[in-house]
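Here are a few friendly notes to read alongside the model. They start with one term, then turn to a single residue, and end with the chain overall.

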Amino acid sequence: MSARSRLCGALVTALAALTTGLCAPVAAQTAPPPHTAVLDGARLQLTKARLDRGDPQLRRTVRALTARADKWLDQGPWTVVDKPRPAPGGDVHDYLSQAPYWWPSQTPTADNPWGCPYVQRDGQRNPEVDSGTDRQDVEKTFDSAYDLSLAWYYTGESRYARKAGQVLRTWFLDPATRMNPNLDHAQFIPCKYDGRAIGIIDFSQSYTGVLDAIALLNSGAPGWNGKDRTGMARWNTDFLGWLKDSDFGKQEGAAANNHGTFYDLLLAGLAYATGDKALARRTVLDARSRRIAPQIAADGSQPQELARTRSWHYSTFDLVAYTRLAAIGRHVGVDLWAYWGPDGQSLFKAVDYLLPAATGAAGWPHPELEFLRYAATDVVHAAADAGDVRARRAVPSLEAPPGGDLWALRPAAEQLDSIAG
């Protein structure tokens with residue numbers, strides 16, 4: 001071999017090595033982020049990269065997350081077919097829940113086993129709703145799927161992904177245990193209604209977290225296969241159809257308080273997750289004039305929520321829906337935080353209205369049966385991330401919720417003091 005040939009060969013080898021060294025990390029870094037609906041997949045990807053490089057604060061936060069996930073490993077899975085009696089329609093696969101604030105007015109007897117008629121006590125939760133229906137089990141299904149999927153994403157430990165997959169398959173996919181994709185019998189009232197439109201909030205308040213859990217699993221989780229992905233996509237498409245077209249869905253969409261906001265969140269989330277970005281975008285855009293302008297006052301208060309006996313809870317609750325809806329808006333080119341109503345209404349003002357109580361600087365001046373300061377922590381984080389200077393200043397004074405502040409790992413608001421219903 002000539003000297004020239006040897007030189008060319010050496011150059012080719014060196015160039016190949018250099019190319020491999022440069023391109024391999026780039027390929028890894030450009031793997032597509034999870035196609036999440038509320039969470040920002042690209043942000044999650046960057047956070048995971050920081051964690052993999054040993055960020056000490058993130059490592060501490062991951063320990064708090066995995067502590068939550070570990071508790072789910074020996075629980076469940078849950079299913080709608082386990083309730084002691086089926087929904088009023090007679091199909092055990094139909095979801096059933098009971099109105100939380102309605103109570104029997106009579107002592108149950110053989111002739112009146114429910115103690116009818118039922119009467120409303122706003123903010124006072126009837127313990128009956130936690131037995132005999134699917135309400136508690138669906139909460140466990142949603143919460144565990146979310147915690148476990150996040151734990152797998154950040155740690156890579158397959159046990160978390162496999163458990164999340166088992167939970168989701170049992171509730172939504174397996175023919176013997178699956179839930180029908182409707183909420184026809186949510187929040188029924190014994191002897192009064194077989195189901196109610198407002199029962200949609202059983203799902204709208206937290207199902208978008210399940211959409212994100214599915215997106216995380218879809219990014220390559222062990223034990224979660226193409227059949228699972230296809231099955232969940234079909235279930236979500238069918239559920240979206242029910243939500244859009246049913247009488248209950250239309251009634252809930254017309255609600256003028258947190259029920260309407262959460263309906264929009266669920267509608268936009270399902271639309272985005274199933275590929276209907278036009279519907280997702282339209283829903284977020286419409287929320288400006290249909291939700292923010294009429295539901296948030298010029299001073300940032302939310303009059304519909306302040307009228308409740310749990311006014312702090314419901315004020316933060318409604319803002320969970322708004323901030324999550326704004327997060328979906330980012331994916332479809334809508335900045336909901338930038339909207340200002342004709343009288344100055346805005347999401348920034350609504351969060352700022354909470355800051356004195358959220359930071360402990362002042363008491364909450366409205367009725368509240370059980371004030372928990374940390375209920376506002378996530379929505380203040382959301383406003384701070386969106387550019388609210390007052391919220392950014394408030395972050396160090398926020399109260400961490402039980403189990404720790406997980407915002408750094410899942411930057412999307414949760415209702416931290418959740419009272420079901």
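1. A word on terms: helices (H or I, at least four residues) are DSSP runs, numbered from the N terminus. Please keep in mind that this is a predicted model.

2. Where does Thr-309 sit? Look in the loop between helix 12 (303-306) and helix 13 (311-331). The C-alpha atom of Thr-309 is separated by 17 Å from that of Leu-319, 10 residues apart along the chain.

3. Is Thr-309 buried, exposed or partly exposed? Its relative accessibility is 28%, so Thr-309 counts as partly exposed, given that this class lies between 20% and 50%.

4. What does Thr-309 touch? Leaving aside neighbours within four places in sequence, Thr-309 is in contact with Asp-122 and Gly-123, and also with Pro-367, Glu-368 and Leu-369. For Asp-122 there is a further detail: its backbone oxygen lies 3.1 Å from a polar atom of the Thr-309 side chain.

5. Stepping back, the chain has 17 helices and 2 strands. Its radius of gyration is 24 Å, close to the 22 Å that the globule rule gives for 421 residues, so the chain is as compact as a globular protein of that length. The C-alpha trace spans about 105 × 50 × 40 Å along its principal axes.

6. Of the 421 residues, 52% count as buried. Among contacts with a separation of 6 or more, 72% come from residues 24 or more positions apart.

7. As for the surface, the chain exposes about 18000 Å², with carbon and sulfur atoms supplying 53% of it. The 45 positive and 46 negative charges have mean positions 8 Å apart.

Terms used
Residues numbered from 1 in each chain as written. Predicted model: local features only at pLDDT ≥ 70, side-chain atom pairs only at ≥ 80, totals over all residues. Heavy atoms only, no water. Rg over C-alpha atoms; globule rule 2.2 N^0.38 Å. Buried < 20%, exposed > 50% of the residue type's maximum accessible area, 1.4 Å probe, protein only. Contact = heavy atoms within 4.5 Å. Areas by Shrake-Rupley, 256 points an atom, 1.4 Å probe, with all protein chains shown as cover. Lys, Arg positive; Asp, Glu negative; His and termini not counted. Charge placed at Lys NZ, Arg CZ, Asp CG, Glu CD. Polar contact = N/O pair within 3.5 Å; in protein donor to acceptor, adjacent residues only side chain to side chain.
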